[in-house]
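Welcome! Take a moment to look over the sequence and turn the model around before reading on.

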Amino acid sequence: MVEVYRVQYRPQRLDDRDAYRGRRRAPAPSRRRYVAVSLTALAGAAIAATAAGAILPDHTPDHLGAEGPAWPTHAESERTRAADQTGRQNRSSGTQTVAESASWVLPMRDYELGDAGGNGADLVIAEGTPFSAVHSGTVLVAEWRGGYGKMVMIDHGDGVVILYGHASELLVKPGDKVAAGQTIGLVGNTGRSAGPHLHLEVHVDGQAVTTVDWFKDRGVDLQLQIQL
């Protein structure tokens, strides 16, 4: 007779370390590798942002405009208003002012009328050519100012202020009284300028007007270089 022995199986709980015996655990990446990957991602994002900035149009406004800032400071404006008020008082009393007695003239001759790209007028001529005041008046500004380079601003009365820009040399100073046809500077290429020329701008009561048309109304044709 064969005797059969029954052995009761009792499962034993394995230690956690025993669970991985005979197996290969995937090595965990080092912290140094994580840092390198993070830096690479940041660098890639910066490059992408730079490329996007290069593609997108630049909407930064140009505060200089076509010619740059030039109009009078508060003190200069106050002097202009005072001079204009004096002129009005003289007219009301029957006294003829200098601005009323003088004629309007060309600032110079033998130039070519260029495209100023706005309300102003560009008179293209050789550097060093003398240019004159187109009317009698008082010099408000005679200095370097913004894109206009060396420029002169003259109060010609009745709220009219004319700017003469891009000069190579200025022959007047603020406060000077000038007559129509008097030389006030030499043509130049200073400031924001593509070549030697005289830039003219007319402002009436602080508002820019079309220079060529405004001169025609006063008997001066800048295009044909005719003055009546």
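Here is a short briefing on this structure, grouped by topic.

This is a predicted model, in which local features need pLDDT of at least 70, side-chain atom pairs count only at pLDDT 80 or more, and totals for chains, interfaces and linings use all residues. Residues are numbered from 1 along each chain as its sequence is written, and side-chain values use heavy atoms, with hydrogens and water left out.

**The overall picture**

- The protein has four helices and twelve strands; these are DSSP runs numbered from the N terminus, with helices (H or I) of at least four residues and strands (E) of at least two.
- Of its 228 residues, 35% count as buried; buried means under 20% relative accessible area, exposed means over 50%, and partly exposed is in between (1.4 Å probe, protein chains only).
- The accessible surface comes to about 15000 Å², and 53% of this belongs to carbon and sulfur atoms; such areas come from the Shrake-Rupley method with a 1.4 Å probe, and for residues only the protein chains shown count as cover.
- Among contacts (heavy atoms within 4.5 Å) with a separation of 6 or more, 63% are between residues 24 or more positions apart.

**Aromatic rings**

- The structure holds three aromatic pairs; rings of Phe, Tyr and Trp (its six-membered ring) pair if their centres lie within 6.5 Å, and planes under 30 degrees apart count as stacked, over 60 as edge-to-face and the rest as tilted.
- One of them joins Trp-104 and Trp-214 edge-to-face, at 5.0 Å centre to centre and with 90° between the planes.
- Trp-104 sits in the loop between helix H3 (98-101) and strand S1 (112-114), while Trp-214 belongs to helix H4 (residues 211-216), so this pair ties together parts that are 110 residues apart in sequence.
- The rings of Trp-214 and Phe-215 have centres 5.5 Å apart and planes at 85°, so this pair is edge-to-face.
- Ring pairs link Trp-104, Trp-214 and Phe-215 into a cluster; Trp-104 and Trp-214 are buried, and Phe-215 is buried too.

**Salt bridges**

- There are two salt bridges, each being a side-chain nitrogen of Lys or Arg within 4 Å of a carboxyl oxygen of Asp or Glu.
- Arg-145 bridges to Glu-143, with the closest N and O atoms 2.7 Å apart.
- Arg-145 is buried, at 12% relative accessible area, whereas Glu-143 is partly exposed, at 35%.
- Lys-173 bridges to Asp-176, with 3.1 Å between the closest N and O atoms, and Lys-173 counts as exposed because its relative accessibility is 52%.

- Thr-129 lies in the loop between strand S2 (121-124) and strand S3 (130-132), and it counts as buried at 18% relative accessibility.
- A polar atom of the Thr-129 side chain lies 2.7 Å from the backbone oxygen of Ala-126.
- Leaving aside residues up to four places away in sequence, Thr-129 touches Met-108, Gly-185, Leu-186 and Val-187.
- Gln-182 is in the loop between strand S7 (177-178) and strand S8 (183-187), and it is partly exposed, with a relative accessible area of 33%.
- The C-alpha atoms of Gln-182 and Pro-107 are separated by 8.8 Å, although these residues are 75 residues apart along the chain.

Methods: Polar contact = N/O pair within 3.5 Å; in protein donor to acceptor, adjacent residues only side chain to side chain.
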